Amino acid sequence: MEAAVQSLLRSSENLKAALEVEVTQLQERGDLSSSSTDDRSRRILAVVSHRREYVGDEEGSVLIFKRTLGRSIEDLSVEVAYPISGSLSFSVAQARRKTLDLRASGGENAATLGQSRSELTLTIKYELATEIRSHTLITRDTRKLQSFTAECRRLKDMFTRHEFDADFSWLSPYTQESSLKSFSSPIDLRMVNVPLHTRLSPASAGLPGDDADDISIVRENWIHNKAIEEAFTGSSARLLIRTGTFNVNGKMPSQDLSPWLRPTKRNSEISGWISPLKAISPLDILPNPVDEHMTTSLGASSATLAHASLNNDAKVPDPDLLVLGFQELDLSTEALLYATSTAREDAWVEAILAGLGERGILYEKLASKQLVGMLIVAIAKKSRLSCFSDIRFSTAGAGIMGIMGNKGATAIRMSYTPLAQEISPSPTVLTFVNAHLAAFDEMVERRNFDFHDLSRRLVFDQTDELDSNSYANTASETSRRPVGLFESDVLFWMVHLNYRIDLADGDVRELLTSFPGPGNVPLLLKYDQLKIAIASGKAFAEFSEHAITHMPSYRYASNTSEDSLGYDRKRKPAWTDRILHMSAPSVPVTQRSYCSHPQITLSDHRPVSADFDLNISIVDKQRRELAASKLYRELWGVEHSSEIPKIKLQPMKLDFGKVYYKRLIRQTLSVQNNGQIPCVYRFVTADAEQPICPQWLKIDPVVGLLRPGESSIITVTVFVDNSPASRLNLLPPRLDSTLILHTALGKDHFISVTGEYQYTCFANKLARLTRLPCPVRSMKSPNDQVPAQHLVNAPREIMRLINWLMTYVTDPSDLFNDLIEESICINIRECLDTGDQFPSPQSGEEHGPLTAAIVSTLIQLLDSLVDPVVPPYLHARCLQMTSRDEAFELLDEFPPESVNVWISLTAFLHYMSLQKLSSQSSTNQTEIAERLATVFASVLLRDDSTGLYTPVSPIGKRKFLLHFVG
């Protein structure tokens, strides 16, 4: 035991006494009992002394160690640290146990009696300004207890003689305050970017979980954020970063690299950038407005998404920092084993500076690191060099045998400190990774594994901070605590990830070459392996990648046969070269560009670049540290207080009135701490198997901390989309839910949530829609249905939309040329649900927005169906049809309700494809048919979300629909 405790102490402290104790609970009669017989109640009590340098005075402290549950005695953590001063007192007494049966003699009872009489209680009290903290402990080791009390008296007497010189700052590392690490390294991005409530213990009504541990987690997070807030100077610094990735295929630089390096206004035809096209249909899946509104709550943050307003044509200022990743720098056999020459690195660095043109004189190499064929280079403006410090490197191989350097990663970590007068700003840690993962389509799982393996193995040995005048001097090897890859404020991966497209080679090329060509990029990206890995959480979870608008960067023909787009006929095109990032909520990152540069043709890859704009808040480092210490002292010991936390919650009932499909409604709750101590609150579930709130309800924030007298606002949002609507459509309209707000170490509060759901035709089954006796909003019960013999051929709602389009649309171009106005879509949905008439375009009035809204609503209605129009079990059969006659014969196997919808809709699409185009149109009728088929095929033959049926080719879906439309 003594050895375990001593191992946790610094060399400047000595262990004077230690004994094992148990935490006690006071029974109603005043008897004591152990709170538990397991590790939860066991503690180690220690007296530690510290001799102050130069002065020679000795100071002491009482430390209470808590054993980690389920671990060995070596796994201890400091629970409480009390200075041995005038505020500390202790007393020893005989333990009072429950009454024993004295009639029994000998045996077990005698042993128990003897044990009872040897137990002693030790009460430790520490007097604070506002309250007295008290701990009552039981021990059976009288000898060690005597040593403990003797050392406490000696050190307290020492304090009395030198009270005015006392300085207990050496205790800081042994307090929970030290868990903040004095902000020496950023919090792991994987932790800071997940909702805080997911890090707390499981809890439900009546089963609060580990409140003390939850308080510690919330407090640490709150202090971290609050200290930064209080130390914020009110100003910020802008840092422009240009990142790039380029697989050079073993080639030396032989072309001008300026298009890749210089963020200037580009001609889209020259640069290979595809301007963001208008949606090829009015179906433009908008982000959930609830998710857009949800604000960061005590560390809860979704990964910061790059801005959708990406503008590749805008004039971008010169970057302050360029970080470029090269792969396959050297393909020689010798390079697989070792790489000692810097000739290739020097050549590429020289080409980079030359590519910067007349601006090159403003830049200088900051740092670089090479691992065989992988090279990462950082080049900074000379005027910013002094801002960069603490530059560190890490490498990890992942190639042959899992260790060779032909695959793997190189990484650079650096601190950026903005220039500021009169204060020392807190640095922002930037980390950049250049990686090259396993090739070939079928190696996707290996790529996922390599990502996690490299994320674990890329560790930076911490060195002493570099002098600002020797910004690139990395010779210092003074070892400190190593830091992980994700202990950063912003993390970039500029990589050749080798993720491919899960489609047949012919399908990929046809989508890239057939109308509308580049407009098919979003459809192709649905089958991108990296996008799928991110969505499933298998790799790069929480990373952000901006929407891709450029053509695949791999593989272009190099002295081989090429297709019409220049791609190698033997290699399927893919977006293998990517740039992703992850950032802390405290560092907003805006992405300004993301594009490839096909005019640089020396390799079979095309280089990719991305510009980022970082808005770095200038935070006074010293003020932040002082604020954190003050806040910790203010909030310390809540879990040990005898006071009960109290809050006032208003209102206790939220009535949302009428709740409509896809219409957001918000209300707020006010929570105030009207107790005497800080209070941590969180929403919990009614039982362990249920979520905190129903799917149609969102709470923000879910967890919070309030000091006495403080209050905060909680936003409760109702939003019904397809998933909850599919269930609510079949239930009584009354919405009832109870939210449970739990105060840690306090009581639960119950908030009633009510509303009146308005039935909708969206998110239903086709068969149900054909049996509705009236508009869905007029139904008295969700069970109202007409007999099977009276059902309609096709849902009225779908037919109303098709008939309107047949009546008013004469130019097919009108289906695609206008942006969608959500207010018009809401009005149309309401007309479908109530049976009211659609708005009709007036004579001479521009009806483009109305047409776009009608088409959008039709597609959204089809896409919201619980089951797609064409059942997934028929998708493979559909692709086997080789003629129009075969396709029509297959309709006999469709469900009856699907047949009528299919015939009506395809008749309209066929009618549209035959209409005469306006003279200004740049497309022909064949292209219109293909465009319509591309839009509607993915909705009518929607992939099976359960995974029971394998998704089929989008080209095959389109071809099947063209049998009816073309």
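Q: Which residues in helix 22 meet helix 23?
A: From helix 22, Trp-902, Leu-905, Leu-909, Met-912, Ser-913 and Leu-914 are in contact with Gln-925, Ile-928, Ala-929, Leu-932, Phe-936 and Leu-940 of helix 23. Contact means heavy atoms within 4.5 Å. Helices (H or I, at least four residues) and strands (E, at least two) are DSSP runs, numbered from the N terminus.

Q: What is that contact made of, by class?
A: It has ten nonpolar, two polar and no charged residues. Here Ala, Val, Leu, Ile, Met, Phe, Trp, Tyr, Cys and Pro count as nonpolar, Asp, Glu, Lys and Arg as charged, and the others, Gly among them, as polar.

Q: Before we go on, what sort of model is this?
A: This is a predicted model, in which local features need pLDDT of at least 70 and side-chain atom pairs count only at pLDDT 80 or more, while totals for chains, interfaces and linings use all residues. Residues are numbered from 1 along each chain as its sequence is written, and side-chain values use heavy atoms, with hydrogens and water left out.

Q: At what angle do the axes of helix 22 and helix 23 cross?
A: The axes of helix 22 (residues 896–914) and helix 23 (residues 925–940) cross at roughly 155° and come within 8 Å. Axes are lines fitted to C-alpha atoms, for helices over the stretch in contact, and angles run from 0 to 180 degrees between N-to-C directions.

Q: Roughly parallel or antiparallel, then?
A: Helix 22 and helix 23 are therefore roughly antiparallel to each other; angles under 35 degrees count as roughly parallel, over 145 as roughly antiparallel, 65 to 115 as roughly perpendicular and the rest as oblique.

Q: Which residues have the most contacts inside the largest nonpolar core?
A: They are Leu-862, Phe-894, Trp-902 and Phe-936, in a core of 93 residues. Helix 23 supplies the largest share of this core, nine residues. A nonpolar core is a set of buried Ala, Val, Leu, Ile, Met, Phe, Trp, Tyr and Cys residues joined through side-chain atoms within 4.5 Å. Buried means under 20% relative accessible area, exposed over 50%, partly exposed in between (1.4 Å probe, protein chains only).

Q: What is Phe-894 in contact with?
A: Leaving aside neighbours within four places in sequence, Phe-894 touches Val-870, Leu-874, Cys-878, Val-899, Trp-902 and Phe-960.

Q: Turning to helix 11, where does it meet helix 24?
A: The axes of helix 11 (residues 505–513) and helix 24 (residues 954–965) come within 9 Å and cross at roughly 65°. Asp-507, Glu-510 and Leu-511 of helix 11 make the contact with Pro-954, Ile-955, Arg-958 and Lys-959 of helix 24. By class, the residues of this contact are three nonpolar, no polar and four charged.

Q: Which residues of helix 11 are buried?
A: Asp-507, Val-508, Arg-509, Leu-511 and Leu-512 are buried. Their cover includes helix 12 (521–525) and helix 24.

Q: And the backbone: where is Pro-701, and what is its peptide bond from Asp-700?
A: Pro-701 is in the loop between strand 26 (697–700) and strand 27 (703–706). The bond from Asp-700 to Pro-701 is cis, with omega near 0°. The bond from Tyr-554 to Arg-555 is also cis, with omega near -10°.

Q: Is Glu-422 buried or exposed?
A: Glu-422 is exposed, with a relative accessible area of 84%. Glu-422 has a positive phi of about 70° although it is not a glycine.
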